[in-house]
Amino acid sequence: MTEITRDVVIVGAGAAGLTAANELKKAGLSVAVLEARDRVGGRLWTDVIEGAMLEIGGQWISPDQTALIETVDELGLETFSRYREGDSVYVGPDGAAHRFQGEMFPVAPETEAEIARVTDLLDEMVAGIDPDRPWAHPQAAEWDAISWDAWLREQSDDDEAVRNLAFATGSAMLTKPTHAISLLESLLMAASAGSYSHLVDADFILDKRVVGGLQQVPLLLAERLGDDVFLNQPVRTLEWSDEGVTVTSDGMTVRARRAILALAPVLYSRISFVPALPRLQHQMHQHLSMGFVIKVHAVYETPFWREKGLSGTAFSPYELSHEAYDNSNHGDERGTLVGFVSDLNADGVFALSAQERKERILTSLSHYYGPEALDPVVYYESDWGSEEWTRGAYAASFDLGGLSRYGAYLREAVGPIHVACSDMAGAGYQHVDGAIRMGRLVASQILETRAEDGSGS
Ligand SMILES: Cc1cc2nc3c(=O)[nH]c(=O)nc-3n(C[C@H](O)[C@H](O)[C@H](O)COP(=O)(O)OP(=O)(O)OC[C@H]3O[C@@H](n4cnc5c(N)ncnc54)[C@H](O)[C@@H]3O)c2cc1C
């Protein structure tokens, strides 16, 4: 068993933990990052599957994600735009594929008017929400007590309008059934991206990718930390007192003045805290849960849809794969489509055999792109639900009423134990940008306590 002493021990080598570790090290503190997996990056994972480079986890960057953009620039990484020439496709209740341009789906004029009216209302509500303090809004408790679906149904009788409004924050973002998330969680999701309109604008929210894959961000951040990153070290026990912490993983013991839990909060309960965490944390952490989405990758010899004048962008609240995009790699002649199957639909297809699931998902993609979509040369499903050290995708959100009840306490340190994760971010909530922001914030909080700790100077 290796025993070391550092100023700060960081549990988890995702974007949040590695950002915090780099900030602290730059300021002169000594750090150790303990990572459960045999790789860094957490929910960022770029891999080659049957010869195709795939972004198994997070990949897109939007223009408002300035913390991530700064990091990407600082690391010297190159970005490229998602392919978006040509028509998008919408499959409506008639089951037919309708081509369209712009942001508004090709729906009946009265449905379009309903979508526009409720979108304006949502933008107005979102403008009043501080993404760092959604619980501070005067109507927070009221908006947290009604489900996203129930609120939308109160606004409109038009089922197609409601389904289209619902999925932007539901299946597409929080990846839970719309009856399981509150209106307030939906507003936070939208506020974290600047507005509800931003979320539904694929050209904004899914703007750019990193050449060679987004996992290079954590890989390069880890490279700067060198021997201070320890892989295959799932942390099992964290002993703490006013004097500091002792963290024990399978192969190491680290003594430090402070600890940062840089893992998804749903996994805190995997660690034995000695003494136990306070009542508030015990309760609060039970009200958070991961969403669930399958990211489906289908690679073809050519991007055949482009020859049909299609951009690859496709949506339908009636389809198994509710959204899909051209996800071809930079400079790659082959074409890649990425589709998403969320929450209840994901449960449904995981009850099937792998072959049946693949057939069902590819059939759904063929409704957007035609029969050529049925025969990819590489097919892969990112299944984060079965990853022991993540347990879902994309991130965690509170149950109905949980955000207004507990949100204000989620980022609070307990003695020497600090926290950082995309799942507690304001701007960039549930995104890499939010993870980096939380990593920076926790590092600055620890640096403020430096005089008190007498560490690293
Ligand atoms: C399929 C998918 C698609 C996504 N798409 C996008 C996208 O396009 N754009 C975007 O911005 N975001 C996207 N995201 C979200 C984004 O990837 C995450 O929000 C972000 O990477 C989370 O970073 P983090 O550091 O907060 O947490 P994580 O990446 O989860 O890192 C936590 C780390 O802690 C480790 N850990 C857990 N428990 C322990 C323990 N006991 N001991 C030691 N280590 C432990 C884990 O192994 C992990 O490495 C996507 C996520 C998924 C899964």
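The entries below go from the domains to the ligand, then to strands, helices and a few single residues.

**Entry 1: domains**

I kept in mind from the start that this is a predicted model. I began with the domain assignment, which gives three entries for the chain: domain 1 (2-41 + 215-277 + 414-453), domain 2 (46-84 + 205-211 + 292-386) and domain 3 (110-194). Next I looked at how domain 2 meets domain 3. I found 11 residues of domain 2 in contact with 10 residues of domain 3. On the domain 2 side of that contact, I noted five nonpolar, three polar and three charged residues. The C-alpha centres of domain 2 and domain 3 are 25 Å apart.

**Entry 2: the ligand shell**

How many residues surround the ligand? I got 41, and the closest are Gly-12, Gly-14, Gly-42, Gly-58 and Ser-422. By residue class, the shell has 23 nonpolar, 12 polar and six charged members. I then asked which domains supply it: domain 1 and domain 2 each give at least three residues. Helices take part too, as α1 (15-26) and α16 (432-448) each bring at least two residues to the shell.

**Entry 3: a hairpin**

I moved on to β3 (residues 46-49) and β4 (residues 52-55), which pair in the antiparallel sense over four bridges. Thr-46 has Glu-55 of β4 as its bridge partner. Two residues sit between the strands of this hairpin, and Glu-50 takes a positive phi near 45° there.

**Entry 4: the seven-stranded sheet**

I traced an open sheet of seven strands with mixed pairing, in the order β7-β6-β16-β17-β18-β15-β19. Its edges are β7 (97-100) and β19 (378-382), each of which pairs on one side only. On average, and ignoring direction, neighbouring strands here are turned by 20° against each other.

With β17 (residues 323-326), β18 runs antiparallel, joined by four bridges. In that pairing I wrote down Ala-324 opposite Gly-339 and Asp-326 opposite Leu-337. With β15, β18 also pairs in the antiparallel sense, this time over eight bridges. There Tyr-300 has Gly-335 of β18 as its bridge partner.

Is β18 covered or open? I found it mostly covered, with eight of its eight residues buried. A reminder to myself: in a regular strand, side chains alternate between the two faces of the sheet. In β18, Gly-335, Leu-337, Gly-339 and Val-341 point one way, while Thr-336, Val-338, Phe-340 and Ser-342 point the other way, and all are buried. Helix α13 (residues 343-350) lies across β15 (293-300) and β18, running at about 100° to β18.

**Entry 5: helix α7**

Why is helix α7 (residues 183-191) described as largely enclosed? Nine of its nine residues are buried, so the rest of the structure largely encloses this helix. I listed the buried residues as Leu-183, Leu-184, Glu-185, Ser-186, Leu-187, Leu-188, Met-189, Ala-190 and Ala-191. I noticed that Glu-185 is in that list.

**Entry 6: Arg-153**

I found Arg-153 in helix α5 (residues 148-155). Is Arg-153 buried, exposed or partly exposed? Arg-153 counts as partly exposed because it has 14 C-beta neighbours inside 10 Å, and a buried residue would need 20 or more. I also checked Arg-153 against Arg-163: they are 10 residues apart in sequence and 9.5 Å apart in space, C-alpha to C-alpha.

**Entry 7: Ala-427**

Where does Ala-427 sit? I placed Ala-427 in the loop between β21 (417-419) and α16. With 19 other C-beta atoms within 10 Å, Ala-427 comes out as partly exposed. Leaving out residues up to four places away in sequence, Ala-427 touches Pro-131, Ser-192, Gly-434 and Arg-437. Last, I compared Ala-427 with Gly-95, which is 332 residues apart from it in sequence and 37 Å apart in space, C-alpha to C-alpha.

Methods
Residues are numbered from 1 along each chain as its sequence is written. This is a predicted model: local features need pLDDT of at least 70, side-chain atom pairs count only at pLDDT 80 or more; totals for chains, interfaces and linings use all residues. Domain bounds come from an automatic or database domain assignment. Two residues are in contact if their C-beta atoms, placed from the backbone, lie within 7 Å. Ala, Val, Leu, Ile, Met, Phe, Trp, Tyr, Cys and Pro count as nonpolar, Asp, Glu, Lys and Arg as charged, and the others, Gly among them, as polar. A residue is buried if 20 or more other C-beta atoms lie within 10 Å of its own, exposed if 12 or fewer, and partly exposed in between; C-beta atoms are placed from the backbone. A residue is near a molecule or strand if its C-beta atom, placed from the backbone, lies within 6 Å of it. Two strands pair if DSSP finds at least two bridges between them. Axes are lines fitted to C-alpha atoms, for helices over the stretch in contact, and angles run from 0 to 180 degrees between N-to-C directions.
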